[in-house]
Amino acid sequence: SRSIRLAVIPGDGIGQEVVAQGLKVLGAVLPQDVKLETKEYDLGARRWHATGETLPDAELESLKEHDAILLGAIGDPSVPSGILERGLLLKLRFAFDHYVNLRPSKLFPNTATPLAGRPEIDFVVVREGTEGPYTGNGGSLRTGTPHEVATEVSLNTAYGVERVVRDAYERADARPRKKLTLVHKNNVLVHAGHMWKKIFDAVGEEYPEVTTDYLHVDAATIFFVTQPERFDVIVTDNLFGDILTDLAAAVTGGIGLAASGNINPTGAFPSMFEPVHGSAPDIAGTGKADPTATVLSTALLLRHLGYDAEAARIEEAVAADLAARDETPRTTGEIGDALATRVAG
Ligand code: IPM
Ligand code: MN
């Protein structure tokens, strides 16, 4: 019989609440013969306060023994900014070589968005996940003086850019519209930007069916709002992708619906699935968090592991649940229950 060894990192704030619903829906959608074995990891703000640890090596090793990781959210106002982000979330993405940060955007029915009524919005951002300005390459000089200097160097390797660009072409080639847009800022960031464009054009020779386009990131933000239908697959660097995907979430139904996968396409390490949103400490514990982004992340997880039919069932359940939503407020758990019922039924 089949099994899924799933590592679970609920993390901070609403992470706990939304992950519980993700697991509920996973349990409901999987066929009887698939055994879901979960192992929960106590990582995040609580752990750091208790022990000073963010992600000890032993846990990193143990996480490797899984088919995938489900993560809720990381970050808490009681922990200085950067400690958990760098020491836990980014450490996982880097250690497990999650070079494809996959962030789909679809306009679901009945969602509160300035773009309501434009169902043709269906694109996916392939955000590079291991390089760019996220590597911690930089430093400070003369700290605390009026002459302080800080650098944050964006690291881009031909190897790193080519592999993510290639992945994006593969995804574009597999979609009906077969369109790939590179987003960068090569009119200013001439070193990295020109390398990205050169590699984008070179790899494109191997995908004659894929139509390509290039946009500067500032222009791309305009089109995200005024003409989002023009996008199919977008490939971009780590920081541009971070910003663009929050914008994408906001214009296509809100951050409560945006799912993501931190993917290592080679399978050398487990891939990790998480909602795009953060730990939302302001609503933690109130039952107000929408677990839909986490539930949609479990669909990405299942698809990554080859459970395509189950992934589709989750996405259909979400679409149906959103279509049926009215003004009646529902708790995190009630939305999870409704989705679990739909995928089982
Ligand atoms: C995200 C988050 C993270 C990022 C932070 C928390 C490090 O904003 O997943 O988009 O910048 O990648
Ligand atoms: Mn972000």
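Visitor: Which residues are around ligand 1?
Guide: In this predicted model, the residues around ligand 1 are G75, E85, L89, L90, D242 and V276.

Visitor: Which helix gives the most to that shell?
Guide: Helix α4, residues 83-95, gives the most to the shell around ligand 1, contributing 3 residues.

Visitor: And how many of the shell residues are nonpolar, polar or charged?
Guide: The shell around ligand 1 has 3 nonpolar residues, 1 polar residue and 2 charged residues.

Visitor: Let me turn to the annotation. Where does UniProt place the feature "binding site"?
Guide: The UniProt record, an unreviewed entry, places that feature at D218, D242 and D246. These positions are spread over 29 residues of sequence, yet they cluster in space, with a largest C-alpha distance of 14.3 Å.

Visitor: Why does D242 count as partly exposed?
Guide: D242 counts as partly exposed because 19 other C-beta atoms lie within 10 Å, while a buried residue needs 20 or more.

Visitor: What about D246, where does D246 lie?
Guide: D246 lies in helix α8 as well. D246 has 16 C-beta neighbours inside 10 Å, and therefore counts as partly exposed.

Visitor: Which residues is D246 in contact with, leaving aside its neighbours within four places in sequence?
Guide: With those neighbours left aside, D246 is in contact with I255 and V276. V276 also belongs to the residues around ligand 1.

Definitions and conventions
Residues are numbered from 1 along each chain as its sequence is written. Chains are lettered from A and ligands numbered from 1 in the order in which they are written. This is a predicted model: local features need pLDDT of at least 70, side-chain atom pairs count only at pLDDT 80 or more; totals for chains, interfaces and linings use all residues. UniProt positions are given in the numbering used here, feature names are shortened, and annotations may be inferred rather than shown by experiment. A residue is buried if 20 or more other C-beta atoms lie within 10 Å of its own, exposed if 12 or fewer, and partly exposed in between; C-beta atoms are placed from the backbone. Helices (H or I, at least four residues) and strands (E, at least two) are DSSP runs, numbered from the N terminus. Two residues are in contact if their C-beta atoms, placed from the backbone, lie within 7 Å. A residue is near a molecule or strand if its C-beta atom, placed from the backbone, lies within 6 Å of it. Ala, Val, Leu, Ile, Met, Phe, Trp, Tyr, Cys and Pro count as nonpolar, Asp, Glu, Lys and Arg as charged, and the others, Gly among them, as polar.
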